[in-house]
Amino acid sequence: MDTLKGKQIMVWTFMGNTRMYQALRDYGDRISQIGLFSFKVRATGEIYESGVSIAEGSTMRTYIRKWPHIRWLLTVANDGTNSIFKALRENTDGAQDMFLSELVWIMEKYPWCDGVDIDLEKGDDYSTAAKSTAMFRNIYNTVKSYNPAKLMNICLPGMDSINGSVGGENWCVYGDLDNYCDTASIMSYGMAWAGSAPGPVSPRSWLEGIYNYAVKVMNPDKVFLGMPAYGWNWRIHDTPKNMGVTYRGTSNTYYAAQLWMTGGYNFTDDKPPQPFIPIVAYWDDYDKVPWALPHVYDYMEGRDAVSYDYPLLSGTYNRRHYLTAYGKEQKTEFDGIVVDRNGGNPDSYSGIVSVSEGMVTMGDNGSAVYRFSVSTAGTYDVAVRLCFPFWDKNGIYISIDGGRKHFTESRLWWPYWRTTFWSALAEGISLSAGTHTITVSVDVKGVQFYGFRVCSAFSEEPSAGSATYTLAPRKFKDVDGNMAQPDRGFKLTLEMLRRKPDSALIWYEDFRDENPLPESYWTTLSGKWEVWREGYENRPYSQLEGSGQLAWKYSGFSDIHLRARLAFPAGGSGKAGVFCGDVFCCLNYDTQRVELYKGSTLLGSYSQTISRTANADLRGNPAMYTVEMRIRGNRVRVYSGASYALRFTASISGFSGGYAGYRSDNRTVCELMRLGDSWTYEPYERFDVRMPDGSFKSFGRISRSNVAWDEEFQVFTLTADVEESATRSEDISMDYDFFHSDLMEISCGNNYTAEVTPRDINIWISRLFLGDADGFSILYYQDVDSLVYWANQAAYRWKLRGMCMWSLGQEDMRIWEWLPKQI
């Protein structure tokens with residue numbers, strides 16, 4: 001029985017610090033392979049020595065001689081410089097040829113080495129994969145031609161599929177490289193880094209995705225699972241710009257992190273005025289990693305609000321508990337209500353009027369009369385409650401004492417006009433004591449009238465809700481045993497997730513409603529359609545399936561934005577996508593393209609890989625593809641991919657609009673249909689905060705050009721036919737970001753309130769941190785328990801060669817006592 005199978009350990013000599021040599025001295029018997037981080041390569045292919053010296057007489061030579069069982073590899077790195085990688089790959093001016101001869105030269109110079117370790121990073125996209133693989137094949141053949149006994153380790157980026165790099169290193173195809181290495185160290189550390197949102201450097205979800213994939217396409221016995229020996233401390237009390245740094249994160253060895261825990265460091269240059277406070281670390285039992293909050297005096301997640309109002313909802317993603325609103329609701333206020341009348345009991349009516357409990361629906365020549373009385377003469381507001389059920393049921397006349405007002409809405413993009421909403425019939429109207437009359441009459445058939453209120457004051461606005469938090473800062477005990485608090489005061493930092501704008505929503509359809517595809521909203525223009533459902537409770541996952549044309553029951557669409565997410569089943573073929581009138585934007589399985597048609601005329605295309613989904617995976621794990629088009633007058637933009645990438649633009653002529661919906665030549669399934677306005681956008685960026693000290697601050701709104709703002713709905717409409725991204729110079733991170741209060745001179749020992757009010761939808765209220773204004777942070781690091789856990793996963797779950805750690809001298813030294821001796 002091989003007791004070391006799956007338990008080999010590789011490290012690198014990057015640090016060159018005292019602890020690195022201590023580990024080599026005391027625990028070299030626990031290490032099987034070392035990359036000597038002593039060589040760099042230039043764009044010319046020339047290799048030069050840089051880093052920890054391995055020359056005769058160097059300290060490293062002592063341990064090379066002491067531990068002959070270790071495979072000592074000469075690491076050659078490009079320091080993540082893309083231009084060097086590209087020059088080597090393309091053999092620019094003979095750079096690859098030079099590199100290959102230089103590899104032989106360094107092996108000849110250090111004949112005791114066991115081989116080379118190739119650490120080339122920051123390659124390009126998948127289009128360069130074949131050339132990148134050829135480069136590694138040439139390196140491998142060169143090493144083996146020089147001496148078949150020499151070994152070659154390659155350092156690979158973390159991938160969970162072909163084209164599956166989170167960092168853009170899609171040149172790398174594990175399966176193609178498997179034949180051109182003796183071992184492979186997958187650098188599965190760096191998901192979190194200095195410029196990212198705080199989190200585990202190597203989160204479980206990433207590791208599982210990488211190694212579940214790697215063992216399918218590579219020989220597991222070649223693969224080292226890569227783990228960080230380091231961590232990051234992200235300062236979150238201010239912006240990097242104000243702090244005079246590029247990124248908020250600072251790298252920490254395990255022992256630097258330990259000094260934060262024991263009160264050895266602070267954020268005022270490790271000296272007063274900020275106190276030195278020992279703190280406890282938390283253990284993340286999912287990601288198997290410790291983390292801490294230095295100098296944070298109170299902390300909570302979004303769901304910890306003492307109160308929040310609809311439409312804010314509590315959600316969970318990757319164990320993060322947040323609040324968000326997926327749509328706005330009308331927020332109304334009625335002061336001094338003197339009349340509250342239900343629409344379902346008119347005093348009289350004529351023509352076609354459908355009377356039901358709570359409302360009337362106006363038909364041909366329909367008119368309904370309501371009489372009400374006020375006991376006291378005065379000035380009043382009168383509000384009416386309406387519903388425009390569909391886009392072509394959008395007009396009604398209402399009068400009070402003969403003064404008539406036309407209520408109509410031609411904009412398609414605001415969904416709550418199709419639910420009940422309140423609107424002002426009269427503001428500040430003088431009413432005498434006694435009886436008055438409200439008359440409702442038809443403009444467009446089908447509009448619903450739910451009643452009215454007479455009050456002293458009425459107001460309304462679209463609202464995404466608000467959340468209230470109680471913050472309770474208390475003193476800590478410093479390293480000397482004294483009770484301590486911030487020297488100047490506090491700052492509140494809010495961790496929020498914002499998103500890039502999307503088209504102002506007209507209709508969102510995921511087919512999950514209890515009554516899918518009601519005939520009042522949908523029409524089948526051709527073919528046959530049905531909805532498959534996973535269950536019947538809590539809006540289960542559902543799929544539209546069929547072929548033909550399914551449309552919203554409205555023929556007046558023209559300038560719209562349509563998006564569909566669809567899959568081709570086993571045996572699927574032909575075209576499927578979205579249409580408006582005779583314009584069809586689709587994925588064509590047969591041609592492997594995104595295509596745009598007007599009638600039968602192909603207007604444009606973009607090549608992309610489209611796969612079918614096996615029947616066994618169609619419901620639970622379908623290969624979904626997104627396709628969309630934005631129509632503005634005679635121009636159509638076509639997009640595809642999860643990030644909605646613009647693929648091409650085409651001109652159309654003779655387009656008059658019409659029905660819009662989903663179309664498929666043959667059977668496909670669709671899990672989402674989204675209809676939006678082609679010119680108007682909803683931003684997902686702004687929120688307001690009432691601070692614990694009573695001050696107010698607004699965050700997140702981005703300045704834009706070539707747009708007109710609607711202040712009521714907080715949406716903007718383009719005034720020029722450009723991409724939305726062209727209206728702003730500021731980008732929006734797709735990661736969690738931090739927003740900071742000004743200095744607050746509040747005290748420990750009291751409770752305070754903070755109120756967060758999103759002004760836009762789809763903003764996640766993630767976490768709140770109340771900390772010392774001189775600095776506070778989020779710290780993640782690796783300790784012995786974390787490293788042992790993942791070493792065991794490498795050996796017993798994935799049956800890999802072992803674990804590699806970046807890098808020797810940064811680790812929790814206790815790890816070595818838990819690793820087996822290699823000799």
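Mentor: Let's go through the cavities, then a sheet and a helix pair.

A word on the ground rules first. This is a predicted model, so local features need pLDDT of at least 70 and side-chain atom pairs count only at pLDDT 80 or more, while totals for chains, interfaces and linings use all residues. Residues are numbered from 1 along each chain as its sequence is written, and side-chain values use heavy atoms, with hydrogens and water left out.

Now the cavities: a cavity is a set of points on a 1 Å grid over the protein atoms alone where a 1.4 Å probe fits but cannot get out, and its lining residues have an atom within 4 Å of a point. Points are joined across faces, edges and corners, and the volume is the space filled by probe spheres set on them. Counted like that, there are three cavities of 30 Å³ or more.

The largest cavity holds about 60 Å³. Around it you'll find Phe-388, Phe-390, Trp-391, Asn-394, Glu-409, Arg-411, Leu-412, Trp-414, Trp-417 and Arg-418. That lining splits into six nonpolar, one polar and three charged residues. (Nonpolar here is Ala, Val, Leu, Ile, Met, Phe, Trp, Tyr, Cys and Pro; charged is Asp, Glu, Lys and Arg; the others, Gly among them, are polar.)

Strands are DSSP runs of E, at least two residues, and helices are runs of H or I, at least four, both numbered from the N terminus; two strands pair if DSSP finds at least two bridges between them. Strand 24 (residues 395-400) pairs antiparallel with strand 25 over six bridges, and Gly-395 sits opposite Thr-408 of strand 25. Both strands belong to an open, antiparallel sheet of five, ordered 19-22-27-24-25. Strand 19 (348-350) and strand 25 (403-408) are its edges, each pairing on one side only.

Last, the helix pair: the axes of helix 3 (residues 82-90) and helix 4 (residues 95-109) come within 6 Å and cross at roughly 95 degrees. Axes are lines fitted to C-alpha atoms, for helices over the stretch in contact, with angles from 0 to 180 degrees between N-to-C directions.

Notes:
On a 1 Å grid over the protein atoms alone, a cavity is a set of points where a 1.4 Å probe fits but cannot get out, and a pocket is an open set with protein on both sides within 12 Å along at least five of seven lines; lining residues have an atom within 4 Å of a point.
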